[in-house]
Every structure is written in structure tokens, then in C-alpha cells.
Amino acid sequence: MIFPYLADIARSWGQAKLWLSDATGLSPDALHVHVSILAMLTGAVLWRRRMDHPLPWLSVLVLEIANEALDLSTPIGGENSLHASMHDILNTMFLPTVILICLRFTRRWRRV
């Protein structure tokens, strides 16, 4: 195995997400939405880019793909199916995509 500790990392990550869901009272779907916006804002700050730049959006996508890779490698929470991963990716990327598109178009409209 290339990454001998990947299963342990994935198991810990899954347990942490379940704990966060229980602690906040938010469903896993709601957590995906909330974390996606926080990740996009954090990406904008770290990359020193405006929210209408693709880099903060891409940061969310990379983090979500890493999250789903970990989910697919462990059975915790029933998140280890391709259907569940696609659901999570769409759920996570929806609002950052809407934000990116809206900000880019409103910026373009202001120039006219």
C-alpha cells in the first residue's frame, strides 16, 4: 500500500465529521454548505484574491475532492459510495459556484 496510514486518517476524519455534526446539530449536508463558504472565504484571504477570482473556488473544489477521497476509503457514516460522493460534491460546490458566477457577472456589468 502506498499510504499505509490512509485508512487511519480516513477513519479519524470520518469520526471528526460525525462529532462536528453532533456537536453543532447540523446535518452532514448543511455542514458541506457551511464549510464550503468558509473554505472559499479562507481561500480568498490566503491567496489574496477577490471572491470573483477562480482560485478561491478552486480551493474549495480541491478540499472537497480530498474529503471525498477520504470518505470513499472508509465505511464510517455510509459515505463510501460514488453516489454519496457525487451528492456531496454537488452540495458543496453549488453556493461557491453561484457566488463566483454572480460576482463575475456583476463586476462585468459595472464596467458597461
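Which side chain meets that of K17 in a salt bridge? In this predicted model, the partner of K17 is D71, with an N to O distance of 2.7 Å. The pair joins distant parts of the chain, since K17 belongs to helix α1 and D71 to helix α3 (residues 54–72), 54 residues apart. Side chains of opposite charge can pair when their charged atoms come close.

The salt bridges number three in total. Another is formed by the side chains of R11 and D8, at 3.1 Å from N to O. Both R11 and D8 are in helix α1 (residues 6–24), with a spacing of three residues, about one turn of the helix. In an α-helix there are 3.6 residues a turn, so residues three or four places apart point the same way. R11 is partly exposed at a relative accessible area of 36%, and D8 is likewise partly exposed at 41%. A salt bridge is also found between R50 and D52, whose closest N and O atoms are 3.4 Å apart. Of this pair, D52 counts as buried, at 5% relative accessibility.

Helix α3 contains 19 residues and reaches 27 Å from its first C-alpha to its last, close to the 27 Å expected at 1.5 Å a residue. Its buried residues are P56, S59, V60, L61, E64, N67, E68, L70 and D71. The separation is to be read against the cut-off for a salt bridge, which is 4 Å between a side-chain nitrogen of Lys or Arg and a carboxyl oxygen of Asp or Glu. With neighbours within four places in sequence set aside, the contacts of E68 are H32, A84, S85, D88 and I89.

The largest nonpolar core consists of eight residues, namely A39, M40, A44, M51, V60, L61, M93 and L100. Helices α2, α3 and α4 (82–111) are the elements that give two or more residues to this core. The most is given by α2, with three residues. Not counting residues up to four places away in sequence, A39 touches V60 and L63.

I37 is also in helix α2 and is partly exposed, with 23% relative accessibility. Beyond its neighbours within four places in sequence, I37 is in contact with L95, P96 and I99. The C-alpha atoms of I37 and T92 are 8.7 Å apart, although 55 residues separate the two along the chain.

One backbone angle remains to be reported. R48, which is not a glycine, has a positive phi of about 55 degrees. Most residues other than glycine have a negative phi. R48 is located in the loop between α2 (28–47) and α3. At 74% relative accessibility, R48 is exposed.

Methods. Residues numbered from 1 in each chain as written. Predicted model: local features only at pLDDT ≥ 70, side-chain atom pairs only at ≥ 80, totals over all residues. Heavy atoms only, no water. Helix = DSSP H or I, 4+ residues; strand = E, 2+ residues; numbered from the N terminus. Buried < 20%, exposed > 50% of the residue type's maximum accessible area, 1.4 Å probe, protein only. Expected span 1.5 Å × (residues − 1). Contact = heavy atoms within 4.5 Å. Core = buried A, V, L, I, M, F, W, Y, C linked by side-chain atoms within 4.5 Å.
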